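Dear colleague,

I am handing over the structure below, and would be grateful if you could look through it alongside the notes that follow.

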Amino acid sequence: MEVSSVQRLCLHLISAAFQRCRVSEDLCRLSVVLKRSSDSDPSTVRISSILHCAPIELAYDVRAHKHADVALISSTFMKFCHEVIRFFQKILVLKIPVSSTFDSDDVDGFCFEISEEGGVPGSQYRKVFLANECNPVPFSASNVERLKSGLEDYVMKHGNSLHRKCDSCFPNWEHLKVGSGRACCAESHRSAGLQMEVVIIVSEISETSPCFRSSSAETEVLYFKDFSPCPITQSSLTALTNIDWKSYGLVLKSIAVQGGYTALEWENLPPNIHIDMVLHCYHKQYQFTPPGQKTRSNRNLIKKAAKLALEDLKEKHAGAFLSAHALKICSYAPDLARTIAGLILSSNDSEFQEECFSILGLQSQNIINEIVEDSIQQKIISVIQMNDGKPLRSKEAASSFLFEDERLQEPNIQEEEYDAGELVFSSLDF
Amino acid sequence: MEDLSKSSLNFFADQQLCSADILSPLEVRARIEVSVINFLKILNSPDPAISDLPLINRKSSNSRVSQGLLTDVSWIFLSHSFCTRSLTKSNAAKAFVRVWKVMETCFQILSQEKRVTQRELFYKLLCDSPEYFTSQLQVNRTIQDVIALLHCSRFSLGIVASSRGLVAGRLMLQEPNQEVIDCSACGSSGYSISGDLSLLEKLDLKTDARQHQHLTHGCLQHAIFQRLTEDFVFNQIPSILITAKGYPDIATRFLLHRLNRAFPDLPILALVDWNPAGLAILCTFKFGSIGMGMEAYRYACNVKWLGLRGDDVQLIPEQSLLPLKPRDLQIARSLMSSEILQENYKEELSLMVHNGQRAEVEALYFHGYDYLGKYIAKKIVQADYI
């Protein structure tokens, strides 16, 4: 059997084992053992999941390397192992429920073991993936909650390459901004029961941290279909390209797929900010639908779910995901606040000042200029943030503030400057 | 009688009129304070927002014409249609902040009971907020925005626009507690018209020629003004000469209006170049303007067009006739489309455009340096003005 088909089969079997765990709605323990012997016996891959008997064994023929000094696992085998490890790292994001205590002397959670029987002692390699260690999820949690938790773990363990969260990068939870969204097809729809879940995490890593990556302007998009990692679909790519990232202050530079790895590249992302994203499309109940039919519903669902996730982020973290438009307006807030504060403070009418302070909720005894200015500035900025992305409301209240005049007609919004054509009787005035 | 004619007999026009009030510093400050309080209230309300600023539209679409019923004075005024300046439009946010900045500066000026010129204001704003104010024109427009917001005159805001106007001739002026000035003895530059409207308001005006039939006010261009003043034309043809040295400023229009009210029997005649811009200057004295439409309507006067007109072109040598420039044609188009322009003016304008030529008053010197005086005299005697 060739490596790639063995690999695919192996991954498929592991995936199937995960599905069994999930569907069983019971505690599971999953272990995958890749064994390689140095003698002429083919190496074995054993995948077993407790509660469901019969471990599956797969014979895997490996050309043994005849190196006298080092028991070197052949590169293809190693590559294969890495693929499996990578698969594991991803699938953990789904956080399929596992128990947290076990009687056996083995560790909790998923166990993935590569060992060499015989051969040079000490050449054993063992990799264990622990689920639920730093971020436990209750058994009754929904899929999207699990996905959220799973991605958080993924991020904090640097792509699940560590056993525990990286304390130097994530000393506390505040460095993560998490948003999630879920969309599903309407009952009447052809693809009823199709669910799309999106989780987006924005993390901030200090440049002094040892794990700081300079390539953080790229986001790897993890894509799952029916609880299994799989390459991203074209319709999903299209959907991601068509999302209005700009309303959230993000500018998508490019989107590329290479060998199963999907990367979004951003423009102007600060170097210490990193974005992670996971998409999961699944059916509530298994049903077979020919692939073509799903395309449009997929695309719309992804857009919807992604938008919900971005809105979630924006709502939870006021001021963090402002559109470029809002940021530009916010830049005028300090000057506007200073001007209005200046007006108030330069007045020699104490009644007027009292009234202004009272509206602002300030005590008139301890007024310093900066306090007034800051208070106004904060309020202006919070209004801008609150209204970012919402349609413009007409502000009738403001319009009639000075002159209560029924004769006021419909306002027409004036764009910047005056008509050049209005020569006579107008712009020649001075 | 004249007050009556101005006010209550223009029924519908009155209702549509949007006027800039002439207010005391205290009243203007009160209006600014109201603006601030309302802005803060809306900012801190349960449904907070950043208020837009409603500004009366200074465009021809919001301009109206008032034809006097008992008088022969018509004027242009602005009605109530408004546009808004908003912080929420990112390309217009700076303009929004500019309005507030000018309001702040005016508030301070008024609190200190001072006045500043538009130029001084420009420099102050340029130094305080260089990223918002880059030119005098921008400052002037923002001042007009504040007028359109607060509905108070520019002068009420404490801003004095320097005037370039001059007056000479049979006029005695006296500023309060000052010496009497004889405008016929001021030399060729005449008496400089101050930009300070309150000062102009307080001037005591006397002319010695009530009995003379042909005493006139002449609205002129500067070079002509100088020539006529040097030649003491106002002694030969009893008159008062005024020039704004170009497009008329409010102060010059104000003074002309005062002279008109003080000496209502004296006709006002205009001598301007034969081109659309010259006619535009005349029309501004006559009808007011849109740019300062909330104030200018007050100073409209019944100005008559003495020259140069179509019939005078024959007096001008061929070489002195110059082609009309594209800007002249633009002005002509704008004037033609104005409903306030009377038919005979439109005919003159058509002729200008049709011939494609323009001519300056100075071209008449071809006939000799004293020709101009004779030309004016002849026209006045024949009452050849429209």
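With which side chain does the side chain of B:Asp52 make a polar contact? The partner is the side chain of B:Ser86, at 2.9 Å, where a polar contact is a pair of N or O atoms within 3.5 Å, of which, within protein, one must be able to donate a hydrogen and the other to accept it, residues adjacent in sequence counting only if both atoms are side-chain atoms. B:Asp52 is found in the loop between helix H3 (25-43) and strand S1 (53-56) of chain B, helices (H or I, at least four residues) and strands (E, at least two) being DSSP runs numbered from the N terminus. With a relative accessibility of 11%, B:Asp52 counts as buried (buried means under 20% relative accessible area, exposed over 50%, and partly exposed in between, with a 1.4 Å probe and protein chains only).

Please keep in mind that this is a predicted model, in which local features need pLDDT of at least 70 and side-chain atom pairs count only at pLDDT 80 or more, while totals for chains, interfaces and linings use all residues. Residues are numbered from 1 along each chain as its sequence is written, chains are lettered from A and ligands numbered from 1 in the order in which they are written, and side-chain values use heavy atoms, with hydrogens and water left out.

Turning to salt bridges (a side-chain nitrogen of Lys or Arg within 4 Å of a carboxyl oxygen of Asp or Glu), the count over all chains comes to 23. One of them joins A:Asp335 to A:Arg338, with the closest N and O atoms 3.0 Å apart; these residues are three apart in helix H7 (residues 333-346) of chain A, and are therefore separated by about one helical turn. A:Asp335 is buried at 12% relative accessibility, whereas A:Arg338 is partly exposed at 40%.

In chain B, B:Lys124 and B:Asp128 meet in a salt bridge of 2.9 Å, N to O, and both lie in helix H5 (residues 118-128), four residues apart, or about one turn of the helix. The salt bridge between B:Arg309 and B:Asp384 has its closest N and O atoms 2.8 Å apart. B:Arg309 lies in the loop between strand S15 (303-307) and strand S16 (322-323) of chain B, and B:Asp384 in the segment after helix H15 (371-381), so the pair ties together parts that are 75 residues apart in sequence. B:Arg309 is buried, at 5% relative accessibility, and B:Asp384 is partly exposed, at 25%. Salt bridges with shared partners join these two residues, together with B:Asp312, B:Glu348 and B:Lys379, into one network.

A:Phe352 and B:Phe107 have ring centres 6.3 Å apart and planes at 50 degrees, so the pair is tilted. Because A:Phe352 lies in helix H8 (residues 350-360) of chain A and B:Phe107 in helix H4 (residues 93-111) of chain B, the pair joins two chains.

With kind regards

Terms used: Phe/Tyr/Trp six-rings, centres within 6.5 Å; stacked < 30°, edge-to-face > 60°.
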